[in-house]
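Work through the exercises below with the model open. Each task is followed by a stepwise solution.

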Amino acid sequence: MKAVLFPGQGSQHLGMGEFLYKNFKSTKILFEEASDLLHKDFKKLCFSSDEDTLKITTNTQPCLLLVSFSSFSVLKNILGLEFSYLAGHSVGEYAALAASQVMSFSDSLQAVQIRANTMAKAPTGGMTAIMGLQANDVDQLCEKASAATNALVSPANVNSPEQIVISGETKALTWIQENKSHFYKQKKWRAIALKVSSAFHSPLMKKTETAMTEHLNTIDFKDAQHFILPNADPLPIKKSTELKKRLCQQICAPVQWVKTMDSLNTNKIQICVEAGPGKVLSSLMKKTYPQITVYGMNSLQDIKLIEDNFCK
């Protein structure tokens, strides 16, 4: 049983997907289609702009979708591989739905651009990665910070048993940084502020959720060709109405990535391919379930390795 994982924001880097563009005609066609549709020069953005330009949310999210979908197209149409389960981290969920033909590539690209545009206008806030505390500890820490500051902060990305990103108002996150030495003194834990402008995957994204729900309701969703594990509730589903409902919910809900990995393991997945830039999801899977073999797609050598192991 094989699965594909699609990365989220933070995995982008300058030059991502360039080896696909140079070696596969299907990728060139997708880049041209995306550039025409959104009136952006995706070749320049991904390959030759600069890191600051690329990390702007309104650029990052559509670029990630494009490179991730291009990667999946190589797996499916060039290598001829079949997969049972698909899952994407945050914006990666859109790539999973496009790959599984729940929505077209063009619909997913336009939806992601609207998602990024509305996120960029969201109320000021931030995100902090908590390393070394378990979920119950993080929940309590957020409750204490909220009570002390009368400001919202809550878990946003549950990435691994001891790596949880919290999201909220700036004064609550600042309170945690200033008071962290008073809590969990017996544990070695860190709070690392992330360079983001808003509190993604929190109730502060309510306006974005409303805008996305309104837009997604204009798109014709189809039942999935694979089992999809949505971020908001990662139980395998194929039904279009449920997939749309979960996609609307993921704007404000935490990304339940640990439960996603648990679900893949429970469903006896033996091999995962991370279709997109970076190795974030590969690393999380290797640490959580080392018995599951994980492949990346960051070079031609990576694709050759996949081909050698699955296309004999």
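Buried means under 20% relative accessible area, exposed over 50%, and partly exposed in between (1.4 Å probe, protein chains only). The model is predicted: local features need pLDDT of at least 70, side-chain atom pairs count only at pLDDT 80 or more, and totals for chains, interfaces and linings use all residues. Residues are numbered from 1 along each chain as its sequence is written, and side-chain values use heavy atoms, with hydrogens and water left out.

**Exercise 1.** Classify Val196 by relative accessible area and locate it.

Step 1: Take the relative accessible area of Val196, 30%. Under 20% would be buried and over 50% exposed, so Val196 is partly exposed.
Step 2: Val196 sits in the loop between strand E6 (190–193) and helix H10 (206–216). Helices (H or I, at least four residues) and strands (E, at least two) are DSSP runs, numbered from the N terminus.

**Exercise 2.** Decide whether Thr57 is buried or exposed, then list its contacts.

Step 1: Thr57 lies in helix H5 (residues 57–78).
Step 2: Its relative accessibility is 11%, so Thr57 is buried.
Step 3: Contact means heavy atoms within 4.5 Å. Leaving out residues up to four places away in sequence, Thr57 touches Gln9, Pro62, Ala116 and Phe200.

**Exercise 3.** Find the partners of strand E3 and judge its burial.

Step 1: Two strands pair if DSSP finds at least two bridges between them.
Step 2: E3 pairs antiparallel with strand E5 (residues 163–168) over 6 bridges. Ile130 faces Ile164 in E5.
Step 3: E3 also runs antiparallel to E6, joined by 4 bridges. Here Met131 is opposite Arg190.
Step 4: In E3 (residues 126–131), 5 of the 6 residues are buried, so the rest of the structure largely encloses the strand.
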